[in-house]
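Here is a briefing on one chain. Look over the sequence and the structure first, then read the points by topic.

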Amino acid sequence: MATPLLLAACATNVATPTAAPPPSVPSLSAGARERAARQVHVDPVEAARLISQYREAQGLGAVTPDPVLQKLAQAQANAMAAHNVLSHTIAGTLTERFDAAHLAQATAVENVSAGYFSLPAALDGWRNSRAHNANLIAPKMSRLGIATAYAPGTRYLVFWALDMSN
């Protein structure tokens with residue numbers, strides 16, 4: 001059964017924009033960037049708090065962390081880091097991943113990006129992208145999973161995945 005997915009500025013029925021990675025931090029040496037990237041971890045509770053605060057300012061409901069979505073987001077971030085590519089399909093399409101997790105009836109959105117060294121920076125990047133922002137403020141969303149994966153020696157070093165669902 002196909003997962004009903006929310007349309008957000010995409011030509012298909014999948015709301016999965018890919019953020020352009022931020023420019024490199026010129027003030028840090030390559031070694032310092034690697035050390036900083038190794039320290040990047042995202043707290044799903046803090047992410048839910050910040051995203052909920054943003055959604056509530058738009059008149060929308062809060063989101064809460066979900067362990068199944070957390071696993072999906074982590075698998076997506078890990079797959080992107082392992083292949084050094086920003087992609088919504090590297091670990092299977094969003095529909096395939098949600099079906100495999102027995103979430104076939106869910107409405108879902110996904111944001112991916114790379115190169116951000118903090119949750120506030122990643123959220124700013126998504127808020128400043130029309131398609132990503134549409135996902136952040138998709139009305140039906142109530143649960144989320146968010147993850148990072150460190151990819152040493154790559155251009156962006158840190159890959160991000162955010163999956164939200166109803």
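## Confidence and overview

Over residues 1-16, pLDDT stays under 50, and the model has 49 contacts beyond four places in sequence for this stretch. This is a predicted model. Mean pLDDT for the protein is 84. A value of 70 or more is reached by 81% of the residues.

**Helix H2**

- H2 covers residues 44-57 and has 14 residues.
- Asp-43 caps the N-terminal end, with a side-chain oxygen 3.0 Å from the backbone nitrogen of Val-45.
- Buried residues of H2 are Ala-47, Ala-48, Leu-50, Ile-51, Ser-52, Tyr-54 and Arg-55.
- An α-helix has 3.6 residues a turn, so residues three or four places apart point the same way.
- The cover over the buried residues of H2 includes strand S1 (64-65), helix H5 (119-127), helix H6 (130-136), S3 and S4.
- Just after H2 comes Gly-59, with a positive phi of about 80°.

**Helix H3**

- H3 has 17 residues.
- From first C-alpha to last, H3 reaches 24 Å, close to the 24 Å expected at 1.5 Å a residue.
- Asp-66 caps the N-terminal end of H3, and one of its side-chain oxygens lies 3.0 Å from the backbone nitrogen of Val-68.
- In H3, the residues Leu-69, Leu-72, Ala-73, Gln-76, Ala-77, Ala-79, Met-80 and Ala-81 are buried.
- Their cover includes H4, S2, strand S3 (143-150) and strand S4 (158-165).
- Asn-84 follows H3 and has a positive phi, near 50°.

- S4 is mostly covered, with eight of its eight residues buried.
- In a regular strand the side chains alternate between the two faces of the sheet.
- On one side of S4, Val-158, Trp-160, Leu-162 and Met-164 are buried.
- S2 and S4 run antiparallel and are joined by seven bridges.
- Val-109 has Met-164 in S4 as its bridge partner.
- S3 and S4 also run antiparallel, joined by eight bridges.
- Opposite Phe-159 in S4 stands Ala-149.

**Loop residues**

- Asn-84 sits in the loop between helix H3 (67-83) and helix H4 (94-100).
- Asn-84 is not a glycine, yet its phi is positive.
- Asn-84 counts as partly exposed because its relative accessibility is 41%, a value between the 20% and 50% cut-offs.
- His-88 lies in the loop between H3 and H4.
- His-88 is buried because its relative accessible area is 9%, which falls under the 20% cut-off.
- The side chain of His-88 makes a polar contact of 2.7 Å with the side chain of Glu-110.
- His-102 is placed in the loop between H4 and strand S2 (108-114).
- His-102 has a positive phi of about 60°, although it is not a glycine.
- His-102 is exposed because its relative accessible area is 74%, which is over the 50% cut-off.

Terms used. Residues are numbered from 1 along each chain as its sequence is written. Side-chain values use heavy atoms; hydrogens and water are left out. Helices (H or I, at least four residues) and strands (E, at least two) are DSSP runs, numbered from the N terminus. Buried means under 20% relative accessible area, exposed over 50%, partly exposed in between (1.4 Å probe, protein chains only). A polar contact is a pair of N or O atoms within 3.5 Å; within protein, one must be able to donate a hydrogen and the other to accept it, and residues adjacent in sequence count only if both atoms are side-chain atoms. pLDDT is the predictor's confidence in each residue, from 0 to 100. Contact means heavy atoms within 4.5 Å. The expected span of a helix is 1.5 Å times one less than its number of residues. Two strands pair if DSSP finds at least two bridges between them.
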